[in-house]
Amino acid sequence: MNSSSQPSNSSNIDAISEIKSRLDIVEVVSEHLVLKKSGRNHWGLCPFHKEKTPSFSVSQDKGIFKCFGCGEGGDSISFLMKVNNHSFFEVITELAQKFGIPLHSGGYSTEKQELKQQIYLLNESAVDFFHNNFYESKDAKNARDYLLKRGITEQIINEFELGFAPKQSDALTNYLIDNFQTNYDVLEKAGLSLKRTSGPGYTDRFKNRIIIPIRDEKGNYIAFGARLLGDNGPKYLNSPDTPVFNKSRNLFALYQAKDSIKESDSAIFMEGYFDVITAHASGLKNVVATLGTAMSESHLRLISKFTYSKKIFLAFDMDAAGINATDRGAEVIKSAFSGLGEVKQFDGSIADTFADNNKPVCEIRVVNIPTGKDPDEFIRTEGLDAYNNLINNAPLLIDYQINRIIDSKGEIKSPQQKSKMVKTLIPVLCEVKNTIVRNEYIKILSERLEVDEESFNIEVKKNLQRSQIKDRTPVQIGKSIKRHLLAQKNLLSLYFIKSDNLSCLAINNFLKEVNFTDSDYLFIKKEIENIIQELGNNADISQELLIKIVSNEDLKKKVVDIMFSLDDKINMNEKQLRQYVDENILCINQYVALEEQKKLKSDYRSADDDDLSSLQLQYKVRELVQARLEKINGKKNEE
Ligand SMILES: [Zn+2]
C-alpha cells in the first residue's frame, strides 16, 4: 500500500462514521471467536492471549470489546486491525469497499485489495462461462445426464449455478484473456489457470468436469469445486487457496443456507457437494459442507453467528471415514466452545430443571443413517420425510458415543468384558460436567450393562480427580493501577452512564474542579466537553468520542477501559453519586498535593543555605505545604 498518499482522517470522517455505524461488534468478533451472551455483555475466549476461561467481553450497544486478561480493547475497527494484523487504513479501505462507501483520494486503495476485486470479477465471469457452457455445449451432454440421473432439477442447477468445464484445455483461459482486461499472472493467482508443464503458455485448471461454484457468506464467488466426468484424474478437484479463498475458513452453501440456519436455529454438516445440493433440492436448506477439509474452529465460528442455540447436526456418511469425521468434528466443536459453557449432554426432564444461565452453550447431534448410505443417496431413495425423521430422532453426541461403544462390542457376558467396557465408557462420562446428569448416565448404564452402580461411580470419580489436577491453571493476577489514575478513570466513566436523572451537563458540573493529571484523561475530558457543547445534553458520547479518536488505538483502549468500568455505578442514587464523586476528587487532590510537596521538598534541599533570600523562600515553602496538608486533612475529617 502506498502510505505516502494516505489522506487525512478528517476528509473521510463521514465515511468512517458511516462504516462504523454499519458494523455490529458482535457480528465482527463472532467471525473470529465464539461468543456467548451473559448478562449485558457477550463473552468469549480471547484471541490475543491464551486462556481457558473467557475474559474477553463484548458490549454490543457500545460497540466495544475488552479483554480482562491481557487488557486489549477497542472498537470493531481496532479488533479487525489486531486480529488480521492490518493497519487502520487497510481495515477502513476493505470495509469501505465491502459496504460500497466512497473514500476521498486513492490513497486508501491497496494492491492486495485490487487483486481481490479482480479475482472476484474473474470468478464471476467464469461462473457465467461454465454455466452457459453447461446448457449449450455438446460436450456437456454427459454432465446434463449425470445431474438428471441424480434428480437435480433445472431450478437447483440454476440456484447453485452449476456449470461444465469444456474438454478443450484452454477454453476458459482464452475466454477471460480475450474478453476482460486481465493477464495470465492474475488468472494463475485466481486459481483458474495453470502454467503448462510442457511447452509455453497456460492451460485451464478444470477440464471436462461438472463445476460447482463456491461463494462466501456474502455471495462473492471465491472458488470452484469440480467433479470428474470421465475417468482421468481425481474424482473431485477444488480451487487452491487464493487471495480470496481459504478452504478451512469457508463452507460450501453457507450463502444459500444461512437464512434457513437462522430460521431453524440449527445447522447440518454433510460431507460432499452433492449431499448438500440434493438436500437443498429436496427442500432441506440449513445444510452446509466443509470444502474437502476436516471441520475447523473457523467453520464453527461461521456457523454460530447464525444459530443462537448453536444446534449442530453432524450428518456424515456412516462408513469408517465418516465415523472418523464425526469424532473429529465433535472434538473441534467441543474445543471451540470450551470455557463458554457445557455442551448439551442430556435430553429430557433433568436438563429442563437447570436454571436459565446453565443452559448448554451448544448442542451436538449425530444423524445416523441406518442403511449405510450417504445422505444424498438416502434422500433420493427414501425421501425427505424419512430423512427429517432421522434428524428429529438424532441422538445427542454423548448418547451416540455411548451407543457406539456398547454396540461395537457385541454381546457382553464375562466380568472381564464388562470391566473393559466400563473402562472405555469412563472418559466419555467424565466429560459430563453436571453431577446430576453424570450420575443419571451411570445409573442407566449400570442397569443396561448389569454392573454395580456404586463401583462404576467410584471409577468415574477417580478418573475425574485425575483430569482435574491436569486441568488446573494458574490464577490470573490483575494489573494494579495507581489509585489517583483509577479515580480519574472512575470520574470520566460517569459520562457513559445512560440515566434519566444524570445528564451530561450535571456531570460536567460535578467534574468542574477535577485536576486531571493524566494527559490522555485530560484530552478525553476535553473531547467529551466539545461533544456536549456541539451536540447538547443528549449526545451519544460513546459513539461520538470513538469516532473522534478512531485511528488512535492507545486512546481507544483507554476509552474502552473507562466504558467497561461502569457496572457498579449504574444503580447509584444521587446522594451516592455525589459521595462517589467527592471521594474520587479527594483521592486525586491528595495525590496532587503530595506530588507538590515532594517537589517543594526537593527544591528546598537543593537550595543554597547561605543565601538569605533562598532561606526566606524555604520558610515560605514550608508554610505553604503545612497549610495545604491541613486543608486536605481537615476536609477528610469532615466526611
Ligand atoms: Zn486477552
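How far apart should the ends of helix α4 (residues 88–99) be at 1.5 Å a residue, and what is the distance between its end C-alpha atoms?

**Figure 1. Helix α4 and its span.** The 12 residues of α4 should span 16 Å, and the end C-alpha atoms lie 17 Å apart, which agrees. The expected span is 1.5 Å times one less than the number of residues. This is a predicted model, in which local features need pLDDT of at least 70, side-chain atom pairs count only at pLDDT 80 or more, and totals for chains, interfaces and linings use all residues. Residues are numbered from 1 along each chain as its sequence is written. Helices are DSSP runs (H or I, at least four residues), numbered from the N terminus.

**Figure 2. The buried residues of α4 and their cover.** Phe89, Val91, Ile92, Thr93, Leu95 and Ala96 are buried (20 or more other C-beta atoms, placed from the backbone, within 10 Å of a residue's own). Their cover includes α1 (13–22), α3 (76–84) and α5 (111–136). Just after α4, Gly100 has a positive phi of about 65 degrees.

**Figure 3. The pairing of α18 with α19.** The axes of α18 (residues 415–430) and α19 (residues 435–449) come within 12 Å and cross at roughly 160 degrees. The two helices are therefore roughly antiparallel (an angle over 145 degrees). Axes are lines fitted to C-alpha atoms over the stretch in contact, with angles from 0 to 180 degrees between N-to-C directions. Lys418, Met421, Leu425 and Leu429 of α18 meet Arg438, Tyr441, Ile442, Leu445 and Leu449 of α19 (contact requires C-beta atoms, placed from the backbone, within 7 Å).

How values were computed: Parallel < 35°, antiparallel > 145°, perpendicular 65-115°, else oblique. Contact = placed C-beta atoms within 7 Å. Buried ≥ 20, exposed ≤ 12 C-beta atoms within 10 Å, placed from the backbone.
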